[in-house]
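Let's take a walk through this one together, going from the domains down to a few strand pairings. Have the sequence and the 3D view open as you read.

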Amino acid sequence: MPKNLPKRSEDYSKWYHEVVVRSGLAENSGVRGMMVIKPYGYAIWEKMQSYLDRMFKETGHQNAYFPLLIPKSYFAKEAQHVEGFAKEAAVVTHYRLRTTPDGKGIEVDPTAKLEEELIIRPTSETIIWDTYRRWIQSYRDLPLLINQWANVLRWEMRTRLFLRTAEFLWQEGHTAHETKEEAIEEAERMIDIYARFAREYMAMPVIKGIKTPSERFAGAEETYTIEALMQDGKALQSGTSHFLGQNFAKAFDVKYLSREGKLEYVWATSWGVSTRLMGALVMTHSDDYGLVLPPKLAPIQVVIIPIFKKKEQLEAISTEARALMEKLKAKGISVRYDDSEHYKPGWKFNEYELKGVPIRIAIGPRDMEKGTAEVARRDTLEKEIVSRADLEDYIPRLLDEIQENLYNRALAFRDAHITKADTFEEFKDILENKGGFVLAHWDGTPETEAKIKELTKATIRCIPMDMDTREEGVDPLSGKPSKQRVLYARAY
RNA sequence: CGGGAUGUAGCGCAGUCCGGUUAGCGCGCUUCGUUCGGGACGAAGAGGUCGCAGGUUCAAAUCCUGUCAUCCCGACCA
């Protein structure tokens, strides 16, 4: 058990923060709300990026890159959009610094004031649609399927590593289509991809659904979401996809000449996932020993640790360990052999557990005699003695099993934390004592939604898409009739 | 942005209320020796603009003002 790591059950926030910092994923930079992603954390993000990028390309998308700075006037063009982001915009007003008159410091040069201020992108819809106007003229230019990997900045008041930082990394897809149906299909396709990515790579079950109007993205006509459940019973919105209708096309005057020769506005979508997924990954699987990584995203999948007293022993073990490492690497497994002499085995065990390495293989003098190795899996913390000759076949199977087990474990937890409530008393009781999702009827009004949020801090996470929640009932708060249950939870 | 707390060596902290030798402790770090199957032990060392900027004072980590950052609770949000 790592020293001084807070227990997950005692102080979840602190536990989360410590796991992120001590496992080497990220830390605060000392500049308000800005995070440093460390090499180990970035390696995981790179894996996420490469899998997602492949999925985007398989569905016909291309990558491009748009500017960081957006003229202020662009935001004025879509009313709801500007309202959504105005409160957290960082604004560039000057373009030059100069030394202070006393020569000791530096100050903003007041003569270098920008005629029009530039906004550091909180999201790129505006500048992208301004560009699309020039790119799109005919139905032959459609669909336009573009993704960008970028950083964005939102001046958040209260930040937490990965979950909410002022600057974060993400991908944002922006597409233009001929028809409404095609755009809706695209928005749904992308939320499906996110759900699949969460399940297959992050081993994280998610609930796919539709946001209520009040939770919608600023400027969207429909927002699709994937909602994951963290181990403290709070929900985390892990990815979104928006059907934007013709709002941005109209705001930025993006028209195309249709097959019938008529000038029409295009239909749009946007969709994104961010480094918040890193936070979701930590909070879905990790435990009191530290990070737990699903094999598909682990930068180190297997660590081999030699146990030795004398130099000769180490040499003999190293020969075996290196041979094993080569065999596993040939199967596409990333392996680290840690033969550093300044740390004892026990220290290494703890360290790699803290870092979430899925499999640890220890080879010591006893194993050398018997032709065995000790294999420890991070998900269950179980250890077993395995014949070294079998490892080459056993390790790949075990990695798959761990990936599967992590998903099943998270799924069981999630499913055990979806609870139906029919009265408001039940509703509150579940939130207070059990946590997780509450399936309850909703009368469909924003007033009831807001009242529930005020009384319980729970919001409607989504109207689920893959669960059939349609049934007649009454809203537990207002008592008005309802046609279906929705998914409530307290959320990050 | 409102309320609360904190900032002292890489990390965790004591010292601050009540100003006064050379600012301490634990972990970590360096060197040497013994160790090595779950965070070893001993000895000797290195490491500090006490967050930053002003002010009060013979004297400031300590008192005052401002400011920046971090954490918690709200409001806001991927």
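What follows starts with the domains and then turns to the strands.

Keep in mind that this is a predicted model. Chain A splits into three pieces: domain 1 covers 12–89 + 121–285, domain 2 covers 302–398, and domain 3 covers 419–489. Take domain 1 and domain 3, whose C-alpha centres sit 27 Å apart. Where they meet, 16 residues of domain 1 are in contact with 15 residues of domain 3. On the domain 1 side, the elements giving two or more residues are strand 11 (207–210) and strand 12 (222–229). Strand 11 gives the most, with 4 residues.

Have a look at the open sheet built from 3 strands in the order 4-8-5, with antiparallel pairing. Strand 4 (69–71) and strand 5 (90–94) are at the edges with a single partner strand each, so one side of each has no neighbour in the sheet. On average, neighbouring strands here are turned by 40 degrees against each other, direction ignored. Strand 4 pairs with strand 8 (residues 113–120) over 3 bridges, and you can find Ile-70 opposite Ile-119 of strand 8.

Next, move along to strand 9 (residues 144–153). Strand 3 (residues 62–63) pairs with strand 9 in the parallel sense over 2 bridges, and Asn-63 has Asn-147 as its bridge partner there. Strand 9 also runs antiparallel to strand 10 (residues 167–177), joined by 10 bridges. In that pairing, Trp-149 stands opposite Gln-171 of strand 10.

How values were computed: Residues are numbered from 1 along each chain as its sequence is written. Chains are lettered from A and ligands numbered from 1 in the order in which they are written. This is a predicted model: local features need pLDDT of at least 70, side-chain atom pairs count only at pLDDT 80 or more; totals for chains, interfaces and linings use all residues. Two strands pair if DSSP finds at least two bridges between them. Axes are lines fitted to C-alpha atoms, for helices over the stretch in contact, and angles run from 0 to 180 degrees between N-to-C directions. Domain bounds come from an automatic or database domain assignment. Two residues are in contact if their C-beta atoms, placed from the backbone, lie within 7 Å.
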